[in-house]
Amino acid sequence: MIKEKTNTTLTFEDFKTEVLNDYRIAMISRECSLLGRREVLTGKAKFGIFGDGKEVPQLAMAKFFKNGDFRSGYYRDQTFMMAIGQMTVEQFFAGLYGNSNIEQDPMSAGRQMGGHFATHSLNEDGSWKDLTKQKNSSADISPTAGQMPRLLGLAQASKIYRQVKGIPNKDNFSNEGNEIAWGTIGNASTSEGLFFETINAAGVLQVPMIISVWDDEYGISVHAKHQTTKENISEILKGYQRNDTEKGYEILRVKGWDYTDLIATYEKASTISREQHVPVLIHVNELTQPQGHSTSGSHERYKDGDRLAWERDFDCIRQMKLWMIAINIASPEELDEIDASAKKEVLAGKKAAWSAFIEPIVEEQKELISLLQKIANSSNHKEAILKYASSLSSVKDPIRKEILIAARKSLRLIVNEGGKTELSNWITSYTKKNQEKFSSHLYSDSDLNVFSVKQVLPQYAEDAKEDTDGRMILRDNFDAIFTKYPETLIFGEDAGAIGDVNQGLEGMQEKYGALRVADVGIREATIIGQGIGMALRGLRPIAEIQYLDYLLYAIQIMSDDLATLQYRTVGKQKAPLIIRTRGHRLEGIWHSGSPMGMIINAIRGIHVLVPRDMTKAAGFYNSLLECDEPALVIECLNGYRLKEKKPLNYGEFKTPIGVVETMKEGADITLVSYGSTLRLVEQAAQELLEVGIDCEIIDVQSLLPFDINHDLVKSIAKTNRLLVIDEDVPGGASAYILQQILEQQDGYNYLDSKPQTLTSKAHRPSYGTDGDYFSKPSAEDIFEKVYAMMNEVNPSTYPNLY
């Protein structure tokens, strides 16, 4: 482990000790890669992607990575994690084997493949640790360049902590903004749009961010000439280089096998970035990848003899070894001893990790075999059950799948026998215990989850009238929020100077400053990334995406990073980001979609809230700021100028999350919808009442979570009919709502008529008022759909309209 230095003056002996320790770490990491590959090829692990060839530059980076700093990285950074003391050999192999014990694999408890690293930001109760007293790594993801947007936010947090006053508990998250966010990425992944978007945004924002590009000239098997213009990422980014009059980047280039130059380069980069809050790009070139991209193939297939020979000669560890010998730091014999010691250490760690992984499973295997043998003795299917037991017993390295298959197949044989109850109970208990290992923490388990917040109703003056624009209710509530929560900030396209396109933030930038109410460029993915990174560091960001269908630019980041964060760290990291957007009912193909089915299926792990008016939306913001979970709030685009009553308790009233609201009681049919469409439902219901059809109207309010009190099925038990109205495409959110009601709430038990949906057409909405009318459900569509359902029940009272 590299210790933080308080005295930069080193004697030669100190220098020698440090260099030899670096070499030892490099050799341990290299041996982990070599032995790890063999573990995959022998079948003990499923897949391997390793950091061989990148060891020496990662050692240099680790020397300047301080407590409080954050890494947002790449799945080849194992040497770095070992160097900062955040990963042992045993933990490396535990991750490779997929050990589901968080103590054995603290990176993800087997939920991610090896090479995906994380540190723990949270205590057992979900509260924050003091992040300034530890070295931090945000949890890695596999999608190439997907780590870049989050990196931007991690860096921006330092700027906020340095420049914004009055943030509570600031000292747990920052030392006056002196932290650097360190990003790593492979050279081929710099071809991704997310990389360029992040590069541009960081240059604009001027945040303390250092990006290391590990350049080994290939992206899997594809050479850099097919990846990057001029085959050189630092060359084509020269326009970002800062100068005496223009802000930008410091761009540095260094050979990945040159130990001393690497240290000098990283020292320069860290000084600039930490002190001046300037982003730095370090292009680390002339690197190698001794085992190829991964265990899925061999690099001998795509590298010629000259390249392979060069890689052997310029392997960074070999070059470091030659350098140490040349300047008499160590003799070849001394280094051979370190090599041999590293091999022994890694082999011992591998064996310990395998034992820790397999022994509990072997005990479970023995337990089931004993139970099956016992049950077989009194079974009419003794021979078949013993065959299952024998087959399971022959498995040398069992997995839990094999154990459970044997148990479940045996249960089928004794369904009418005495041993059924004991085996059935064993299967149920075993499944429950192990399902938790693979399914927990999709949402927060802490006392600050969304269900901990209780409803607080808006308070109104006795003579309050519906005479206030909805956007003013949002504005005044945001005003209360920014006063109450100094750690809260909002940013988005047009969110700052003009107070957002719908004036929901009017005057807020002038009052709270351009850092807390900020304009940003047109770059949705990194808007979300800013929010994720800042939320990971204890701030409460609200990231604004101007329109709902712009969310498609950011859905990958939301899905792969934010939505999975608590799950893939088993509750050891959190990013309670609020995403604000607006949608529904605008006319035209663009900016008017309601792709709710896509959204709710892509971002499980993020709450999706769909308020019908701005008071409800404001109440959601108030609720979410008392929680520790991420959420998407979709405001009604056509609601900003509609009139509402003006609340008296801004910042205090709270809309409950996961709770539906009955807007109108009725006896004949339950109409379920959300958002802007509810206004059409209300209109249709009034017209239906004129012909004797009494509708009950329920506002879903929240799609994720959905109706936690099962109030919808209670309504259906009364009306015995159900229609879901939605402006998503057929089979979109309406199908999800039906599944929840019929399957999760057993609503089919109470239906006298087929449950139905009324949605938009399958295409995008056409332009203009007529385009909207013929594309999305109208009040007349709703009227006629309900009327037709009642015609089936009572054709004499409700004769066919057509």
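Q: What makes lysine 303 a charge that sits over the ring of tyrosine 218?
A: In this predicted model, the charged end of lysine 303 is 5.2 Å from the centre of the tyrosine 218 ring. The distance limit is 6 Å, and lysine 303 does sit over the ring.

Q: Which ring does lysine 44 lie over?
A: Lysine 44 lies over the face of tryptophan 354, at 4.7 Å from the ring centre. Tryptophan 354 is also part of one aromatic cluster, with Phe50, Phe92, Phe93, Tyr97 and Phe357.

Q: How many aromatic pairs does the structure hold?
A: The structure holds 30 aromatic pairs.

Q: Why is the pair of tyrosine 161 and phenylalanine 173 called stacked?
A: The ring centres are 6.3 Å apart, and pairing requires centres within 6.5 Å. The planes are at 5 degrees, and under 30 degrees counts as stacked. So the pair is stacked. Tyrosine 161 is in helix H5, phenylalanine 173 in the loop between H5 and strand E3, twelve residues apart.

Q: Why is the pair of tryptophan 182 and tyrosine 266 called stacked?
A: The centres lie 6.4 Å apart and the planes are at 25 degrees. The limits are 6.5 Å and 30 degrees, so this pair is stacked.

Q: What parts does this pair tie together?
A: Tryptophan 182 lies in strand E3 and tyrosine 266 in helix H8, so the pair ties together parts 84 residues apart in sequence. Tryptophan 182 is buried at 0%, and tyrosine 266 is buried at 0%.

Methods
Residues numbered from 1 in each chain as written. Predicted model: local features only at pLDDT ≥ 70, side-chain atom pairs only at ≥ 80, totals over all residues. Heavy atoms only, no water. Phe/Tyr/Trp six-rings, centres within 6.5 Å; stacked < 30°, edge-to-face > 60°. Helix = DSSP H or I, 4+ residues; strand = E, 2+ residues; numbered from the N terminus. Buried < 20%, exposed > 50% of the residue type's maximum accessible area, 1.4 Å probe, protein only. Lys NZ or Arg CZ within 6 Å of the ring centre and 35° of its normal.
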